[in-house]
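Work through the exercises below with the sequence and the model open. Each task is followed by a solution in steps.

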Amino acid sequence: MNSSSKAVPLPEPSCLKISHADPNIYSAITHRLLFHFSRTNADTPIIIVCVGTDRSTGDSLGPLVGTALARFHSPLFHLYGTLDEPVHAVNLEETLTLIHEKHNNPFIIGIDACLGHSASVGCIQVVDGPLRPGAGVNKQLPPVGDIHLTGIVNVGGFMEYFVLQNTRLSLVMRLSDIIASSLYSALKQWNLHASSAATRER
């Protein structure tokens, strides 16, 4: 390689996919989220939409993440979707309309469970672009988010409703804890960075 050539940084890939058992999972997800946050303005409202229902073990990932995040009582984000007030197929469109009425040009993060190949069960994905809720069970629902996080809770391909109902709660709880903790950590770091940058500009 020519020593005088200047290295060009490679763009971040559009999707991070990492096993919940990976020892670096918290830092990997936090780093990827910070990359996405860096493309927003410091004053952009951040909205988290946790999609799912507590009536199905596999589909409870989103509400579990929302409930965990709600405990922080944080002003860093606006939250929709908890175990007590879930966002699901019946009220998703209404919720998205409300978000755009209340918040000016928000940055939306969608969170949901999904099904995948057996080797991918237990992985968490951070993906650029909107979440497509209901696609795995042939429901036509509006897309959610500028980015999204999903936890692969079980194997897809057949009898999806039955598979979601028979997903291990321990795995769903583990994935929800990792997503909530990593997301909150990234939001705190981004807020600190944005505040420092604003102070330097004064």
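Buried means under 20% relative accessible area, exposed means over 50%, and partly exposed lies in between (1.4 Å probe, protein chains only). Helices (H or I, at least four residues) and strands (E, at least two) are DSSP runs, numbered from the N terminus. The model is predicted, with local features needing pLDDT of at least 70 and side-chain atom pairs pLDDT 80 or more, while totals for chains, interfaces and linings use all residues. Residues are numbered from 1 along each chain as its sequence is written, and side-chain values use heavy atoms, with hydrogens and water left out.

**Exercise 1. Helix H2**

Task: determine how many of the ten residues of helix H2 are buried, and list them.

Solution. Step 1: helix H2 spans residues 61-70. Step 2: eight of its ten residues are buried, so the helix is mostly covered. Step 3: the buried residues of H2 are Leu 61, Gly 62, Pro 63, Leu 64, Val 65, Gly 66, Thr 67 and Leu 69.

**Exercise 2. The chain as a whole**

Task: give the order of elements in the protein chain and the share of its residues that is buried.

Solution. Step 1: the protein chain has five helices and six strands. Step 2: read from the N terminus, the order is β-α-β-α-β-α-β-β-β-α-α. Step 3: of the 202 residues in the protein chain, 46% are buried. Step 4: a contact means heavy atoms within 4.5 Å. Among contacts between residues at least 6 apart in sequence, 71% join residues at least 24 apart.

**Exercise 3. Cysteines and Thr 150**

Task: count the disulfides, then describe the surroundings of Thr 150.

Solution. Step 1: a disulfide is a pair of cysteine sulfur atoms within 2.5 Å. By this rule there are zero disulfides. Step 2: Cys 123 is in no disulfide, and its nearest cysteine sulfur, that of Cys 114, is 9.5 Å away. Step 3: Cys 123 counts as buried at 10% relative accessibility, and Cys 50 is buried at 0%. Step 4: Thr 150 lies in strand S6 (residues 147-155) and is buried at 4% relative accessibility. Step 5: not counting residues up to four places away in sequence, Thr 150 touches Asp 112, Cys 114, Cys 123, Ile 124, Gln 125 and Leu 131. Step 6: Thr 150 and Leu 115 are 35 residues apart in sequence, with 9.4 Å between their C-alpha atoms.

**Exercise 4. Positive phi**

Task: locate His 73 and Asn 105, and state whether each is buried or exposed.

Solution. Step 1: most residues other than glycine have a negative phi. Step 2: phi of His 73 is near 50°, a positive value, and phi of Asn 105 is near 50°, also positive. Step 3: His 73 sits in the loop between H2 and S3, and Asn 105 in the loop between H3 and strand S4 (107-116). Step 4: His 73 is exposed, with a relative accessible area of 70%. Asn 105 is exposed, with a relative accessible area of 65%.
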